[in-house]
Structure formats: structure tokens, C-alpha cells
Amino acid sequence: MSSGFNITIPDSWSWSPLKYISTFLNRGTAPDYVENGPVRVISQAANQATGLDWERTRFHNYSGDPRKIKGYLLPRDVLINSTGTGTLGRVGYFTAGPDNRPCIADGHVTVTRADPQIIDPRYMYYWFISTPFQDYVYSVLISGATNQIELNRERLSGSPIPLPPLAEQRRIADFLDAETARIDYLKAIQEAAKRALLERRAAGIFSAVTGSEIRKRIPSTLAWVETLPSTWEAVKLGHVARMGSGHTPSRNKPEWWMDCTIPWVTTGEVSQMRSDRLEVLTETREKISETGLLNSSAEIHPSGTVVLCRTAASAGYSAVMGRDMATSQDLATWTCGPKLDPFFLLWCLRAMRTDLLNRLAMGSTHKTIYMPDLQGLRIPLPDIREQRNIVEVIRSSNLAIDSAADAIDGQLALLAERRQTLITSAVTGQFDITTATPSGGIA
């Protein structure tokens with residue numbers, strides 16, 4: 001048969017459509033979700049590239065034999081996310097649930113059950129996550145448009161799979177189990193090192209803006225007054241900066257938003273600076289006219305104004321305006337007086353972000369920090385010259401830490417590339433693994 005792949009496989013291998021080597025190939029069921037039920041449901045969110053995330057699973061309300069549920073999972077089933085850009089094509093491997101509850105896939109996940117007389121399920125899993133198959137998914141197997149795409153079951157069932165002899169499949173799977181486990185172990189070490197760096201970074205920022213020694217855990221900002229050096233003050237922020245907020249003019253006035261020149265700041269621009277590497281916001285996606293500002297009672301905030309997101313997932317993120325700008329009502333602003341450096345305030349706000357959210361953000365899903373609660377914020381206040389020195393110390397320290405973190409990211413990228421290259425080469429017969437000595441596994 002013609003494979004549809006630009007791959008030359010060994011002479012002893014063959015190609016077979018998926019439907020001929022599977023005993024089950026279908027989507028799961030639409031669950032009746034409950035808080036705590038007898039059947040555990042694996043959704044696309046739970047089927048992550050790093051493995052099945054049991055914290056993201058939910059429960060199905062069901063009475064009767066769970067084996068009769070469409071999408072009931074057996075050990076060694078392969079799961080493929082089947083809808084939505086960014087998640088479609090992600091592959092998981094099911095062995096068992098975290099407890100005694102039976103597991104099912106939901107209607108957005110395709111369950112593929114290998115015929116063990118023809119294909120090793122682990123080999124099937126590795127083929128599905130290989131580069132050729134992932135490219136094939138998006139070039140051939142999807143239907144629909146934009147974010148409504150889905151995996152076409154008929155096309156998937158006819159997709160070709162390279163088939164070595166069964167014993168060789170097992171050797172390939174054993175080899176990849178061992179090699180990917182080794183790479184994943186190295187990856188975990190690098191990720192732990194990066195987490196430690198970022199914790200050190202956060203602790204260093206807190207230490208700098210409070211004049212305290214670096215601590216492993218950042219204490220509550222409620223305790224700032226007790227830990228400040230004797231030469232520092234603890235002041236209400238409103239005493240050293242003028243607080244304001246934005247306004248959102250009507251969108252029903254297109255002339256207010258077309259061919260305009262005044263930058264219009266939204267939470268999107270500020271939350272993009274969440275890495276803390278960026279301090280100054282200079283460009284915005286939208287601009288507004290002076291007429292729009294005047295008719296909405298909005299104002300232009302001067303360059304150097306500190307801005308803080310108050311709502312939703314962006315709540316707590318902050319930046320300094322690098323030019324005169326107007327803001328939406330989802331942002332709080334502070335124009336600093338002569339005793340307060342805006343960048344020192346920025347790092348104070350970033351140091352207290354987690355505490356701000358824990359104490360002040362209201363709502364379970366749509367978090368909001370209300371303006372009256374921000375009015376009472378207190379900050380450490382050393383002399384203005386010391387504030388500026390502290391800002392430079394933070395920048396220098398962050399630069400060194402960020403450089404180390406970038407080096408780790410480079411190593412992680414190389415490990416990911418090595419992992420994918422190994423998988424693709426092994427499942428397409430590009431190198432001989434017969435002398436490999438396996439030492440680990442996924443199943």
C-alpha cells in the first residue's frame with residue numbers, strides 16, 4: 001500500500017491501516033459530571049504531553065456496569081485528543097487510574113486499542129507521538145476550520161502505520177521506554193534547577209525592597225512593618241503616590257477608536273510582562289482619540305505611571321508606562337510623588353503579588369481586586385536615592401538569574417529535540433536498536 005509518508009522503511013517492515021490493527025477505535029462518551037462519582041473521566045485537559053494528569057480528571061454519574069460505557073478504558077489503551085487547535089493530536093497512554101475507580105474517556109478523546117497479536121501498544125503510542133504522524137494529523141486527518149477543528153475518525157482509521165515484525169516492535173518499545181525515561185529524568189533535574197532559580201529570584205526581590213535577608217519563603221506583606229530597617233518608613237501608598245483608575249469608553253463610537261494616536265492600555269498588554277523581565281510598557285495594540293477620552297471622563301496618565309491589573313487571570317501583574325497613555329477600567333494607576341521612585345514601587349507590587357491576590361482578590365472564577373482595598377496598601381519607603389540603588393541591585397541580580405534560566409531552557413530544548421528525534425528514528429527504522437539494553441519503561 002502507499003503510505004502517504006515520505007519515509008523509507010526497512011524491507012522487513014510493512015504498512016497497515018490503523019483500522020486493521022486495532023480492536024477498538026472510537027471517541028469516548030459525554031459525561032454527566034458530578035463532584036464525586038463512581039467513574040473517573042479523562043478529558044483533553046487531563047491528557048497532557050507529559051502524561052495523564054489525574055488532578056485534571058473529573059467524575060461521571062453512573063450506575064451499572066462501567067464496562068458498558070462508551071469509552072471505557074483498558075490498560076494499554078492509547079488516547080488521542082480529537083478537537084480544538086493546540087490540543088488536537090496530543091497523545092496519552094493509559095495503564096491504570098490512581099484509585100480503584102474505573103476510567104473512561106470523554107467525547108473529545110479518541111480511544112485506540114491495539115490488537116496485541118499484530119502491534120505492540122507501546123510501539124503504537126510511540127508512532128502516534130512521532131514527528132511524521134503529528135505532521136500527518138494536521139495535514140490530512142483534521143476537518144473543520146479555525147478553533148472548531150476535529151480529528152476525522154474515518155481518516156484516522158485509514159491512516160498507515162509502519163509495522164516491523166512484532167518482536168522488533170517490542171525491542172523498539174523497550175529501547176524507547178528506557179531512553180525516554182532517562183531523558184525525562186534529566187529534564188526533571190533541569191526543571192527543578194530552574195524552579196530553584198526562580199524562587200531565589202523572587203526571594204531576592206522581596207529581600208531588596210524590604211531591606212531584609214533573603215528567605216526561602218516569601219512572608220506576608222502584612223509583616224513588612226515589623227521587618228524594615230530602622231532608617232526606613234512604612235507608609236500608606238496613597239501618601240506618596242496619586243492613585244487613579246481607567247475608564248472604558250463606548251465601543252459603539254467607532255470614530256473614537258479609528259486612526260487614533262493615544263495609546264490605550266488593557267490588561268492584555270500588562271499581563272504579557274508577567275515574566276518580570278520587562279518593566280516598561282511603551283506600545284499598545286489599540287489607540288483612542290482625544291474626543292473619546294473627553295466624552296468618557298478618562299484621562300491620560302503621564303510617562304512613569306505605575307499600572308496594576310485588577311481583574312481575571314491578569315490580576316496582580318504590573319508595569320511602568322514608558323510614555324503618556326490612557327487605561328481601561330480594569331487597571332489601577334499610581335503617579336508617584338518626589339519621595340517614591342516608580343520602579344521601586346513596581347518591584348514592591350511584584351514582590352507582593354501573591355499576597356495581594358490571596359488577601360484582596362475577590363471571586364471564585366473571575367478574580368477582582370477592588371479599588372478601595374488598594375487604597376490602604378502600605379509599602380516600605382527608604383530614601384529616594386536608596387530606592388534607586390535597590391532597583392539597580394534587583395536588575396543586576398535578575399540579569400544573572402535570568403541568564404542561568406535561559407541556559408537551562410536551552411538544555412531543555414535540546415533534551416526535547418533529542419527525545420523526539422530518537423522516537424521518530426526508532427519507529428521508522430532509521431537506526432538499528434537490536435544492541436540496545438533497555439532499563440526502564442512506561443508500561
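Predicted model: local features only at pLDDT ≥ 70, side-chain atom pairs only at ≥ 80, totals over all residues.

Visitor: What makes E3 and E7 a pair?

Guide: Two strands pair if at least two bridges link them. E3 and E7 (residues 58-60) have two bridges, in the antiparallel sense.

Visitor: Which sheet do they belong to?

Guide: An open sheet of four strands, ordered E3-E7-E4-E10. Its pairing is mixed.

Visitor: Why are E3 and E10 said to stand at the edges?

Guide: Strand E3 (33-34) and strand E10 (103-105) each have a single partner strand, so one side of each has no neighbour in the sheet.

Visitor: Where is aspartate 77?

Guide: Aspartate 77 sits in the loop between E7 and strand E8 (78-81).

Visitor: Why does aspartate 77 count as buried?

Guide: Its relative accessibility is 1%. Buried means under 20%. The value falls under that cut-off, so aspartate 77 counts as buried.

Visitor: What joins the side chains of aspartate 77 and arginine 113?

Guide: A polar contact of 2.8 Å. The cut-off for such a pair of N or O atoms is 3.5 Å, and 2.8 Å is within it, so the label holds.

Visitor: Which residues is aspartate 77 in contact with, leaving aside neighbours within four places in sequence?

Guide: Tyr72, Gly92, Tyr93, Phe94, Val111, Thr112 and Arg113. Contact here means heavy atoms within 4.5 Å.

Visitor: Now helix H1. What makes H1 mostly covered?

Guide: H1 covers residues 121-129, and nine of its nine residues are buried. Among them are Tyr123, Trp127 and Phe128. Arg122 is buried as well.

Visitor: How do you know that aspartate 120 caps the N-terminal end of H1?

Guide: A side-chain oxygen of aspartate 120 lies 2.8 Å from the backbone nitrogen of arginine 122. A polar contact needs N or O atoms within 3.5 Å, so this distance qualifies.

Visitor: How much of the whole protein chain counts as buried?

Guide: 49% of its 443 residues. The chain has eleven helices and 24 strands.

Visitor: What share of contacts with a separation of 6 or more joins residues 24 or more positions apart?

Guide: 75% in the protein chain.

Visitor: How far apart are the mean positions of the positive and negative charges?

Guide: They are 3 Å apart, for 47 positive and 46 negative charges.

Terms used: Residues numbered from 1 in each chain as written. Heavy atoms only, no water. Buried < 20%, exposed > 50% of the residue type's maximum accessible area, 1.4 Å probe, protein only. Lys, Arg positive; Asp, Glu negative; His and termini not counted. Charge placed at Lys NZ, Arg CZ, Asp CG, Glu CD. Polar contact = N/O pair within 3.5 Å; in protein donor to acceptor, adjacent residues only side chain to side chain.
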